[in-house]
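Here are a few friendly notes to read alongside the model.

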Amino acid sequence: MSYLFVVLFGLAFGSFLNVCIARLPLGLSVVRPRSECPRCHHPIRWYDNIPVLSYVLLRGRCRDCGEPISLMYPVVELGTAGLLLAAFRIDGPGLPFVRDAFLIMVLIVLVFTDLTERRIPHRVTVPAILIGLGSSWFVPVDSRPLVQLLMHWGVPLPPALTSFAGAVTGAIVGGGLFYGVGEAFYYFGGRRKQYLGFGDVMLMLLVGVYFGVPLTLMTILLGSVLGSVVALPLEFLNPRFRRFAWPYGSFLGAAAIYVCLRGNVLLEAYLRWSGFAT
Ligand SMILES: [Zn+2]
């Protein structure tokens with residue numbers, strides 16, 4: 001019963017995320033005006049705005065002018081529902097689920113705004129970073145390795161501060177690494193082209209706040225692997241793709257969604273395998 005509830009919420013939120021993806025990179029309001037067809041500008045009727053179902057019933061076309069509706073809409077709706085369900089099965093009801101669900105939805109928006117417009121809007125990242133910092137007081141963030149280091153040096157951190165410290169160090173490592181790499185590319189790349197936008201720095205600041213240091217590093221690793229696995233074969237097969245500006249943020253965002261769900265399992269397995277943990 002609660003699973004069905006989560007799926008229905010996921011579909012409804014997914015529908016709202018589509019509005020965010022279409023409007024936020026352009027600096028438009030997500031509340032007004034009502035959604036309309038981008039070609040004939042006819043307002044979308046409420047019964048044509050039901051997640052997934054309307055797309056199927058309309059066979060993917062505008063009721064008024066027949067313009068094809070982007071497949072992205074049902075994909076985002078179904079994806080949001082599926083990912084929230086996965087998070088609910090892992091976390092169960094409670095604050096950790098609310099926090100994970102919020103992070104996943106923010107990441108879905110950023111994956112698609114970077115994919116479609118090459119934008120990672122500050123209007124999304126800045127509030128999400130602040131909410132992440134605030135929620136670290138209620139839902140624990142991995143504070144390794146800072147707290148272990150402090151204990152090793154004989155400087156105990158008050159328990160209430162450890163989670164917050166994990167969030168801040170995660171942000172420093174995630175955002176800092178990307179800022180540093182971006183500057184290095186800019187400097188050594190002959191200052192011709194900015195390889196990593198500031199949006200990527202903000203995205204990794206955001207990921208760091210929610211994950212702490214270890215899972216932030218895992219996100220960077222998996223996102224880079226994912227980007228290479230997708231981009232290199234395409235660039236090899238078709239020279240056209242060599243001039244393509246790949247949306248690095250989309251790969252990082254997709255990796256972060258995976259890490260949000262499975263990262264801890266993967267990390268513990270790795271630590272056991274490498275002998276760091278028993
Ligand atoms: Zn139309």
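1. A residue counts as buried when its relative accessible area is under 20%. This is a predicted model, and in it Val52 has a relative accessible area of 19%, so Val52 is buried. Val52 sits in the loop between α1 and α2 and, although not a glycine, has a positive phi of about 60 degrees.

2. Arg118 is not a glycine either, yet has a positive phi of about 55 degrees. Arg118 belongs to the loop between α4 and α5 and, at 34% relative accessibility, is partly exposed.

3. Please also check two cis peptide bonds. One joins Arg32 and Pro33, with omega about -5 degrees; Pro33 is in the loop between α1 and α2. Another runs from Arg144 to Pro145, with omega near -5 degrees, and Pro145 is in the loop between α5 and α6.

4. Now to the helix packing. Helices α8 (residues 198-211) and α10 (residues 248-274) pack at about 10 degrees, their axes 10 Å apart; the two are therefore roughly parallel. Among the contact residues are Leu203, Met204 and Val207 of α8 and Leu252, Ala256 and Val259 of α10. By class, the contact has 9 nonpolar, 2 polar and 1 charged residues.

5. Last, the core. The largest nonpolar core has 50 residues, and Leu203, Leu206 and Phe211 have the most contacts inside it. Helix α4 gives the most to this core, with 12 residues, and at least three residues come from each of domain 1 (1-93) and domain 2 (102-278). Leu203 itself touches residues including Leu107, Leu110 and Ile120.

Notes. Residues numbered from 1 in each chain as written. Predicted model: local features only at pLDDT ≥ 70, side-chain atom pairs only at ≥ 80, totals over all residues. Heavy atoms only, no water. Axes fitted to C-alpha atoms, helices over the stretch in contact; angles between N-to-C directions. Helix = DSSP H or I, 4+ residues; strand = E, 2+ residues; numbered from the N terminus. Parallel < 35°, antiparallel > 145°, perpendicular 65-115°, else oblique. Contact = heavy atoms within 4.5 Å. Nonpolar A, V, L, I, M, F, W, Y, C, P; charged D, E, K, R; others polar. Core = buried A, V, L, I, M, F, W, Y, C linked by side-chain atoms within 4.5 Å. Buried < 20%, exposed > 50% of the residue type's maximum accessible area, 1.4 Å probe, protein only. Domains from an automatic or database assignment. Lists of a residue's contacts leave out its neighbours within four places in sequence.
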